[in-house]
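Here is a short tour of charged side chains and a few of their neighbours. Have the model open beside you as you read.

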Amino acid sequence: MPRRFLLFLFLPLLAASCYEDRIDCLDPDATNYDLRADEACPDDCCTYPTFSLDPQRFWGDEIFTLADTFTDGALNQFRIIRFRVYLSELELVAGDNFLPTPENVVEVGVISGTDTITTELNANLILASSSGSPTASVGTLRTGSEALTQVQGLVGMSDVFNDVYPPSAPSDSPLSTQINLLNFNDGNGYLTASAEFVLTETNDTVRVDLYDTAPLLLDFPTAVEPVRGSNLTVELAADYQTVFGNVNLATEPERIEEFLPEMFTIIGVR
């Protein structure tokens, strides 16, 4: 047999023996998805994009600022000092299906009797506030291919966090100790919301702390086709007029709790 022909037969065998399987992430929802991979990595090498909420502050159709004076449902003028509300158990919905729960695992101390036990909890929640940067990360995102139709969750805090010791939480977590406290370590857990305002006529400063929770159901104006492997920020309108403009803050300020579930609407995505 000619020597050249033997060489041609040998070269493909040599190439095949040198080929190594490409092992990488094969999840299309991951940021490092590798279509060329032959085999999925066995060690959780996939990394996932982030699902965030951006509650943009409004008073009706106008931009909300803490410098403004507003009118409540009984025509009392007032100025908001500080307002905060927790949104927890946040999840995305596609049609009739819940997407995988966003993951934002934090290590915290949980009070058990006289001890504090270090525990990992999934903090798929945000603290919406009347000041500061509104955009907040909820957790990791795995969208799949079905169009997104809704954000669901809870206005207020899940019972899972009732026994968290706030000073033990990471400083950038909504679970950490907040200005003027949102958890008094009195066995009641975290507040749902806290409002501080000044009534103009009397110059009285009022603080209202609220504990009751309510379902959060936010529909996308139109179904959103997901871009798999990309970050998703859902833009919300947080309408302070809905909460403060329908009650008499001088006589029954606690009634703002009734309107918290109606405060937020989805206005866009990016």
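Arg-270 and Asp-54 form a salt bridge (a side-chain nitrogen of Lys or Arg within 4 Å of a carboxyl oxygen of Asp or Glu), with their closest N and O atoms 3.0 Å apart. Because Arg-270 sits in the segment after strand 17 (264–269) and Asp-54 in strand 3, this pair ties together parts that are 216 residues apart in sequence. Strands here are DSSP runs of E of at least two residues and helices are runs of H or I of at least four, both numbered from the N terminus. Asp-54 is buried, with a relative accessible area of 5%, while Arg-270 is partly exposed at 47%. For these words, buried means under 20% relative accessible area, exposed over 50%, and partly exposed in between, using a 1.4 Å probe and protein chains only.

A word on the source: this is a predicted model, in which local features need pLDDT of at least 70 and side-chain atom pairs count only at pLDDT 80 or more, while totals for chains, interfaces and linings use all residues. Residues are numbered from 1 along each chain as its sequence is written, and side-chain values use heavy atoms, leaving out hydrogens and water.

The structure holds eleven salt bridges, and the table shows three of them.

| Pair | N to O distance |
|---|---|
| Arg-270 and Asp-54 | 3.0 Å |
| Arg-22 and Asp-34 | 2.6 Å |
| Arg-142 and Glu-103 | 3.7 Å |

Arg-22 lies in the loop between helix 1 (3–18) and strand 1 and Asp-34 in the loop between strand 1 and strand 2, so their bridge ties together parts twelve residues apart in sequence. Asp-34 is buried at 6%, and Arg-22 is partly exposed at 34%. Both belong to a salt-bridge network that also includes Arg-36.

What about a buried arginine with no salt bridge? Arg-57, in strand 3 (residues 50–59), is such a case: the nearest side chain of opposite charge (Lys and Arg count as positive, Asp and Glu as negative; His and the chain ends are not counted) is Asp-54, 7.4 Å away. The side chain of Arg-57 does reach the backbone oxygen of Gly-132, at 2.8 Å. Beyond neighbours within four places in sequence, Arg-57 is in contact (heavy atoms within 4.5 Å) with residues including Phe-64, Ser-130, Pro-134 and Tyr-240.

Asp-44 lies between strand 2 and strand 3 and counts as exposed because its relative accessibility is 74%. Asp-44 and Cys-25 are 19 residues apart in sequence and 8.2 Å apart in space, C-alpha to C-alpha.

Terms used:
A polar contact is a pair of N or O atoms within 3.5 Å; within protein, one must be able to donate a hydrogen and the other to accept it, and residues adjacent in sequence count only if both atoms are side-chain atoms.
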